[in-house]
Amino acid sequence: MKFKNIIYLIGAFLIFIFSTLASWYEGGQLRDISWEWKYSAVFSTWLNGPVNEASDILVIDHFVYAAKFEPLFPLLMAASFLFIVLQLSAWLLRNRKTTHIIFLSLMAVGLLLMSAMLLNSPTIGLTLFSGFFGLSGLLTLLLILYRNNQKWMRRAAQRTN
């Protein structure tokens, strides 16, 4: 891995840590708004049943609340995480082009599915996440086409020589 890419990776990791802490802090407001527990404490309800007290709320629900109502840091967290995954996959799968393309294809499908799931959300934050995931999925597909186009162009150049 090039030194420049290591610096990018460290920067993205620091942004991820900062935005995670900021999102967690902003999502902590959920504990004070009891009428929102029914709608935003999704994971707590799935795992533990109905939420009756603030102590019943799991930490992951803080991120759900922050994504719905304070989306800046959760979006920054998602973008930096996606960048880290792309960088690490490019580095780990640099000699396995087909495996890398399959990984990117699965990631693009996953991003587009998440976008579709959040498309009709009633909150502006989750609507922004839907757009972010959709755009990220499309850009990942373009990355796949670019990588394949490079391979095809090299093969075409070799055939003409």
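Reader: Which residues of α5 are buried?

Author: Burial is read residue by residue, from how much of each one stays accessible. Buried means under 20% relative accessible area. In this predicted model, the buried residues of α5 are Phe 73, Pro 74, Leu 75, Met 77, Ala 78, Ser 80, Leu 82, Ile 84, Gln 87 and Ser 89.

Reader: How many residues does helix α5 have, and what does it reach from its first C-alpha to its last?

Author: Compare the reach of a helix with the span expected for its residues. Helix α5 covers residues 72-92, which is 21 residues. Its reach is 30 Å, close to the 30 Å expected at 1.5 Å a residue.

Reader: What is Ser 136 in contact with, leaving aside its neighbours within four places in sequence?

Author: Ser 136 sits in helix α7, residues 124-160. Ser 136 counts as buried because its relative accessibility is 8%, and the cut-off is under 20%. Its contacts, with those neighbours left aside, are Leu 82 and Leu 111. Leu 82 is also one of the buried residues of α5.

Reader: Where does Leu 30 lie, and is Leu 30 buried or exposed?

Author: A loop is read by the helices on either side. Leu 30 belongs to the loop between α1 (3-27) and α2 (37-40). Leu 30 is buried, with a relative accessible area of 0%.

Reader: Which residues does Leu 30 touch, not counting those up to four places away in sequence?

Author: The list is Glu 36, Trp 37, Ser 40, Ala 41, Ile 57, Asp 61 and Tyr 65. Now try a distance. Leu 30 and Thr 123 are 93 residues apart in sequence, yet 15 Å apart in space, C-alpha to C-alpha.

Reader: How many helices and strands does the chain have?

Author: Count the elements, then read their order. There are 7 helices and 0 strands. The pattern along the sequence is α-α-α-α-α-α-α.

Reader: What radius of gyration does the chain have?

Author: Set the value beside that of a compact globule. For 161 residues such a globule would have a radius near 15 Å, but this chain has 20 Å. The C-alpha trace spans about 75 × 35 × 25 Å along its principal axes. Of the 161 residues, 36% are buried.

Conventions:
Residues are numbered from 1 along each chain as its sequence is written. This is a predicted model: local features need pLDDT of at least 70, side-chain atom pairs count only at pLDDT 80 or more; totals for chains, interfaces and linings use all residues. Side-chain values use heavy atoms; hydrogens and water are left out. Helices (H or I, at least four residues) and strands (E, at least two) are DSSP runs, numbered from the N terminus. The radius of gyration is taken over C-alpha atoms; the globule rule is 2.2 Å times the number of residues to the power 0.38. Buried means under 20% relative accessible area, exposed over 50%, partly exposed in between (1.4 Å probe, protein chains only). Contact means heavy atoms within 4.5 Å. The expected span of a helix is 1.5 Å times one less than its number of residues.
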